[in-house]
Amino acid sequence: MERFVCIHGHFYQPPRENPWLEEVEAQESAHPYHDWNQRVTAECYAPNTASRIIGPDRRIVNIVNNYSMISFNFGPTLLSWMERNAQETYEAILEADTRSGKEFSGHGSAIAQAYSHMIMPLTSQKDKVTQVRWGVADFKARFRRAPEGMWLPETAVDTPTLEALAQEGIKFTILAPHQAKRFRRAGGGEWREVRNGGLYINRPYLCRLPSGKTISIFFYNEAISKEVAFGGLLSDGEAFAKRILSGFTADSGNQLVSVATDGETYGHHHKFGEMALSYCLHYIKANNLARLTNFGEFLEMSPPQDEVEIAERTSWSCEHGIERWMDDCGCKTGVCPLQKWRRPLREAMDWLRDNAAVAYESEMRKHSESPWDVRDDYIAVVLDRSPENVELFFKRNFKADLSKQDRAKILKLLEMQRHSMLMQTSCGWFFDDVSRIETVQIMKHAARVIQLLREVTGRDLEQGYLERLRAAKSNYSALGDGAKIYEAYVMPSKVELPRVGIHHAISSIFNGEKGGPHRVYCYIVEDKAYERQKVGKNALVTGNSRVTSAITLEEDEIWYAALWLGDHNIFGGVRRQMGDEEFSDAQRALHAAIQAGDVQKTMSLIELDFGKEGCACSLSDLFKDRQIEVLGRILETSVGRARAHFQQVYEDNLAVMTFMKGLSLKVPIALRAAAEVVLTYNMVEALRGESDPGAFERLADNAMSLQIELDKGLIGLEAKSRVERELGLLAENPEDLGRMERLERLLRSAERLQLGINYWLAQNILFQIISKWQGYMKAREASGDPGAARWIEKIRSLAELLGIKA
């Protein structure tokens with residue numbers, strides 16, 4: 001008998017992209033990060049690519065890529081975001097799969113996932129097929145191999161879902177033990193009901209399907225997995241390892257103890273959980289207590305000897321089956337007492353899905369005899385939207401005589417279907433209230449479906465959808481119901497092509513964006529005419545632009561004029577129809593008025609010539625991230641004046657504040673406030689420069705002596721960046737003793753201020769420098785090189801400050 005251990009992490013975030021912009025906008029609840037994807041990457045996904053193994057003295061003795069030693073899956077939509085926004089982490093994940101293949105007999109540790117994380121038993125058969133095919137295609141495009149296994153969202157399963165997996169060549173999936181109905185020896189024998197006990201979870205089972213196909217099923221250790229996810233097991237890596245090892249039995253034959261949890265358990269849900277994971281794996285391997293493996297390797301070594309039948313329509317996170325995603329079953333995460341909103345939300349989404357499917361099939365059959373095969377193939381475009389690849393897609397699936405309008409229509413139909421699947425993402429039902437950001441997100445995808453369907457067919461399903469949402473009552477009376485939440489949080493997010501042009505027009509006031517073409521998220525804006533005039537504090541832009549969607553290839557043309565009156569005050573108008581001569585006349589009249597300093601006349605002319613279609617524009621028409629950026633620029637002058645005033649107050653009173661602290665007297669609150677502002681800003685500026693750390697040290701001394709409450713978060717982020725920058729330069733020139741000296745001083749000052757900095761990247765860089773250069777320098781030191789001796793001394797000081805054993 002040989003003992004094997006496999007830890008599986010299901011790494012996933014719900015799609016967070018604005019469905020009209022295809023990018024994640026700022027999410028205040030994720031502060032200080034831009035959004036939750038970025039935050040969870042910093043807390044979990046990146047740390048697991050370089051996790052620390054800590055020695056007895058609590059210092060780092062090794063840094064390892066956890067993904068290469070476990071089984072894992074990543075949600076395709078999350079990997080898509082990561083490829084664009086966290087490339088180093090993304091590449092480290094792909095590299096871990098390659099490395100694990102070498103470690104585990106040619107079996108990579110990554111497995112695929114059903115694409116949009118929808119509850120598979122609750123969706124249509126056509127959606128089941130597409131979800132599996134898209135998941136497989138996405139996996140192949142990223143990992144450059146076919147997946148052996150596939151993770152089912154929430155492990156929600158029924159027989160048609162397993163058929164869809166088997167049809168695409170998936171060899172295995174992973175379920176919870178309670179999702180087995182009965183089992184027997186392979187090839188015959190009496191079935192035993194799982195409720196009577198006896199399901200042996202340390203080996204795989206074969207599931208025979210009605211089609212004649214088969215698929216293997218692994219059942220993870222539910223008790224240990226719950227302790228990992230919800231208990232305190234990750235507080236001690238050795239205890240984690242010993243608990244896993246307790247899962248082995250006295251039975252003969254190869255045994256596999258497997259654990260499965262959300263991957264975010266390791267670092268996001270449990271801080272430093274990734275370190276407990278890496279130490280657990282290290283402890284098991286270093287002491288030869290078991291052999292680490294993944295499901296693919298174990299399946300090859302130990303094929304199933306038993307058969308199983310699944311319990312239909314069950315999942316790992318709802319004890320009532322799959323009711324959590326369709327009804328008020330009692331499963332919840334927080335304090336909200338009722339989840340009766342789940343059923344009407346499910347009914348609204350299913351109604352919209354089915355109507356969109358009928359419209360899609362009807363309209364697509366005008367261009368193809370195989371509309372659903374076309375949808376399955378559309379994943380190739382989702383993965384690569386380059387014009388060349390889109391052209392290949394059309395050549396594969398359609399006749400050559402498609403018009404420009406036909407192509408835009410086809411892409412709209414396919415996008416309608418993509419969003420129809422995204423609006424079924426499981427997270428929309430998982431939590432406690434219909435007002436959660438995850439539920440609002442799937443409503444946004446539904447709104448995009450409604451918009452695209454209306455544009456293609458002329459049918460407007462929005463009122464029918466809202467009627468159904470009105471039955472989805474929020475636990476918070478002030479929010480009302482799903483329809484009111486949709487109107488408050490979804491409708492303002494909607495984008496049509498003129499809105500993109502308005503964003504471009506207003507944005508150009510502050511950037512002077514002339515020429516182009518300009519990329520505005522997933523749109524391309526080309527200026528056919530553009531003028532910008534600045535008179536005093538006022539600025540006027542006029543223009544004629546063509547806006548094209550890079551997703552659907554639809555395009556529109558707008559004519560606009562916008563006047564900035566200073567601060568956040570913008571007055572403007574937009575038209576979708578305007579002759580060249582009419583535009584030129586309007587433009588000349590506006591230029592004359594603004595040059596004459598007649599603001600009132602300028603505004604009247606804008607209203608007269610560009611307000612005819614009721615398309616007024618203001619700063620609120622900017623997309624969210626640009627709003628934040630522009631408001632920051634608008635406030636720069638005011639903030640600068642305030643800083644100068646506080647600086648003067650601070651300098652005038654520094655001596656007396658120091659004297660008062662020496663006498664243990666309380667400094668007046670107004671003076672403390674001035675000191676807090678000045679010291680915080682000045683420290684940030686000192687850290688941003690490339691100067692000697694002396695200025696930062698002096699400011700730190702002042703803050704300490706005056707006992708000033710600083711903005712430690714802001715200073716800490718800047719100090720972290722400076723340390724990383726300095727270490728990056730040291731890695732390029734490792735013998736720069738001057739830089740090592742400056743780094744040491746910087747780290748000691750930051751330590752005194754107790755900034756709570758996460759030095760993860762800095763530790764990675766220094767660990768690599770030590771690994772590469774320390775042996776060489778020690779050899780030079782032994783030969784009497786004083787410079788090398790000084791280097792050894794400094795590297796040890798830096799290692800001590802960053803918690804590394806050197």
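Q: Which residues does Thr41 contact, leaving aside its neighbours within four places in sequence?
A: Thr41 is in contact with Ala46, Pro47, Trp81, Met82, Ala86 and Thr89; contact means heavy atoms within 4.5 Å. A word on the background: this is a predicted model, in which local features need pLDDT of at least 70 and side-chain atom pairs count only at pLDDT 80 or more, while totals for chains, interfaces and linings use all residues. Residues are numbered from 1 along each chain as its sequence is written, and side-chain values use heavy atoms, with hydrogens and water left out.

Q: Why is Thr41 called buried?
A: Buried means under 20% relative accessible area, exposed means over 50%, and partly exposed is in between (1.4 Å probe, protein chains only). Thr41 has a relative accessible area of 6%, so Thr41 is buried. Thr41 is found in helix H1, residues 36-45. Helices (H or I, at least four residues) and strands (E, at least two) are DSSP runs, numbered from the N terminus.

Q: What does Met82 touch, not counting residues up to four places away in sequence?
A: Met82 touches Thr41, Tyr45, Phe74, Gln87, Thr89, Tyr90 and Ile93.

Q: What makes a group of residues a nonpolar core?
A: A nonpolar core is a set of buried Ala, Val, Leu, Ile, Met, Phe, Trp, Tyr and Cys residues joined through side-chain atoms within 4.5 Å. The largest one here has 150 residues, of which Ile7, Phe74, Met82, Phe240, Met443 and Tyr465 touch the most other members. Helix H16 (residues 437-457) gives the most to this core, with ten residues. There is also a second, separate core of 54 residues, which includes Ala50, Ile60, Leu671 and Val684.

Q: What makes Ile217 count as buried?
A: Its relative accessibility is 0%, so Ile217 counts as buried. Ile217 is found in strand S11, residues 214-219. Not counting residues up to four places away in sequence, Ile217 touches Leu162, Thr173, Leu175, Pro204, Tyr205, Cys207, Val308 and Ile310.

Q: How do you know how H28 runs against H29, roughly parallel or roughly antiparallel?
A: Helix H28 (residues 760-782) and helix H29 (residues 786-801) pack at an angle of about 150°, with their axes 9 Å apart. That makes H28 roughly antiparallel to H29. Angles under 35 degrees count as roughly parallel, over 145 as roughly antiparallel, 65 to 115 as roughly perpendicular and the rest as oblique. Axes are lines fitted to C-alpha atoms, for helices over the stretch in contact, and angles run from 0 to 180 degrees between N-to-C directions.

Q: What is the handedness of the crossing where H28 passes H29?
A: H28 passes H29 in a left-handed crossing. A crossing is left-handed if the near helix is turned anticlockwise from the far one by less than a right angle, and right-handed if clockwise.

Q: Why is H26 called roughly parallel to H28?
A: The axes of helix H26 (residues 712-732) and H28 cross at roughly 20° and come within 9 Å. That angle makes H26 roughly parallel to H28. The residues of their contact divide into nine nonpolar, one polar and one charged. Ala, Val, Leu, Ile, Met, Phe, Trp, Tyr, Cys and Pro count as nonpolar, Asp, Glu, Lys and Arg as charged, and the others, Gly among them, as polar.
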